Amino acid sequence: MPIDQDFPKNQKVIGKHKHADGEHFHFVWGPGRSDAESATKTEVQEAYKSRGEEYVPLGVHGTMVAVDWDSCYADGACIEACPVQVFQWYRTEQDVPAIEMANAASQGTGENSMKDLRKDYTDKSDPIREHDCIWCMACVSVCPPQAIKVDQANLEYHEKADGTFNEELSKGSAPPPHSH
Ligand code: SF4
């Protein structure tokens, strides 16, 4: 089951994953789904078992560059495709259960160049540099389970969740003239 194209409408913000630069962050949307690709992918489930870690629904990391972590099964094609290194393997920086990443702060020092450098199949592609996206759509088309949605227009949902949305600015025009 690919990422829900309407996830900002159908899910709610459940976390804020901060970049340690103190400026950037991406929202996390939930609740997650227990019936998406990673729940049935053998490599993923075996990797959880060998860690002795519980498998739980995780939700969507990011809003303009959104990766459904329940759909993501650590293929890593997005990591190799992205020309500006938006993604990193989260466990290569913080090797903790993925649910804890919903409100983590990360430096962005994780592995961001090769799919085979995932920690294991419980790893996830994290859009830690969502703010650097140049909207080329390469990651969207290479993702086998279609776990990624990239949509610049989703900035509206990001700003609404952040409390910084400006209705007039978003229309790109001055307020309408008075009518009598
Ligand atoms: S759309 Fe392009 S620049 Fe943006 S995250 Fe995907 S691959 Fe990277």
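Reader: Leaving aside its neighbours within four places in sequence, which residues is Ala-104 in contact with?

Author: With those neighbours set aside, Ala-104 is in contact with His-17 and Gln-94, where contact requires C-beta atoms, placed from the backbone, within 7 Å. The structure is a predicted model, in which local features need pLDDT of at least 70, side-chain atom pairs count only at pLDDT 80 or more, and totals for chains, interfaces and linings use all residues. Residues are numbered from 1 along each chain as its sequence is written.

Reader: Why is Ala-104 called partly exposed?

Author: Ala-104 has 19 other C-beta atoms within 10 Å. A residue is buried with 20 or more such atoms, exposed with 12 or fewer, and partly exposed in between, the C-beta atoms being placed from the backbone. The value of 19 falls in between, and Ala-104 is therefore partly exposed.

Reader: Where does Ala-104 lie, and how far apart are Ala-104 and Gly-15 in sequence and in space?

Author: The loop between strand 5 and strand 6 (105-106) holds Ala-104; strands (E, at least two residues) and helices (H or I, at least four) are DSSP runs numbered from the N terminus. Ala-104 and Gly-15 are 89 residues apart in sequence, yet their C-alpha atoms are 8.6 Å apart in space.

Reader: What makes strand 1 and strand 6 a pair?

Author: Strands pair if DSSP finds at least two bridges between them. Strand 1 and strand 6 are joined by two bridges, and they run parallel. In one of these strands, strand 6, Ala-105 is the bridge partner of Lys-18.

Reader: How do strand 1 and strand 2 pair, and over how many bridges?

Author: Strand 1 (residues 12-19) pairs with strand 2 in the antiparallel sense over six bridges. Lys-18 stands opposite Phe-25, while Val-13 has Trp-29 as its bridge partner in strand 2. The two strands form a hairpin with five residues between them, and Gly-22 in its turn has a positive phi of about 80 degrees.

Reader: How does the pairing continue from strand 2 to strand 3, and from strand 3 to strand 4?

Author: Two bridges join strand 2 to strand 3, and these strands run antiparallel; here Trp-29 stands opposite Val-60. Strand 3 (residues 60-61) and strand 4 are also antiparallel, over two bridges, with Asp-68 in strand 4 as the bridge partner of Val-60.

Reader: Why are strand 6 and strand 8 said to stand at the edges of the sheet?

Author: The sheet is open, has six strands in the order 6-1-2-3-4-8, and shows mixed pairing. Strand 6 and strand 8 each have a single partner strand, so one side of each lacks a neighbour in the sheet.

Reader: Which residues have the most contacts inside the largest nonpolar core?

Author: They are Val-60, Ala-66, Val-67, Cys-78 and Ile-148, in a core of 33 residues. Such a core is a set of buried Ala, Val, Leu, Ile, Met, Phe, Trp, Tyr and Cys residues joined through C-beta atoms within 7 Å. Elements that each supply at least two residues of it include strand 2 (25-30), helix 3 (42-51), strand 4 (65-68), helix 4 (77-81) and strand 8 (148-150). Beyond its neighbours within four places in sequence, Ala-66 is in contact with Ile-3, Phe-7, Val-60, Ile-148 and Lys-149.

Reader: What makes the backbone at Gln-85, Gln-146 and Pro-31 worth a remark?

Author: Most residues other than glycine have a negative phi, and most peptide bonds are trans. Gln-85 has a positive phi near 50 degrees and is found in the loop between helix 4 and strand 5 (88-89). Gln-146, in the loop between helix 5 (138-142) and strand 8, has a positive phi of about 55 degrees. Gln-85 is partly exposed, with 13 other C-beta atoms within 10 Å, and Gln-146 is partly exposed with 15. A cis peptide bond joins Gly-30 and Pro-31, with omega about 5 degrees; Pro-31 is placed in the loop between strand 2 and helix 2 (37-40).

Reader: How do you know that the protein chain is as compact as a globular protein of its length?

Author: The chain has seven helices and eight strands. Its radius of gyration is 17 Å, close to the 16 Å that the globule rule gives for 180 residues, so the chain is as compact as a globular protein of that length. The radius is taken over C-alpha atoms, and the rule is 2.2 Å times the number of residues to the power 0.38.

Definitions and conventions: Contact = placed C-beta atoms within 7 Å.
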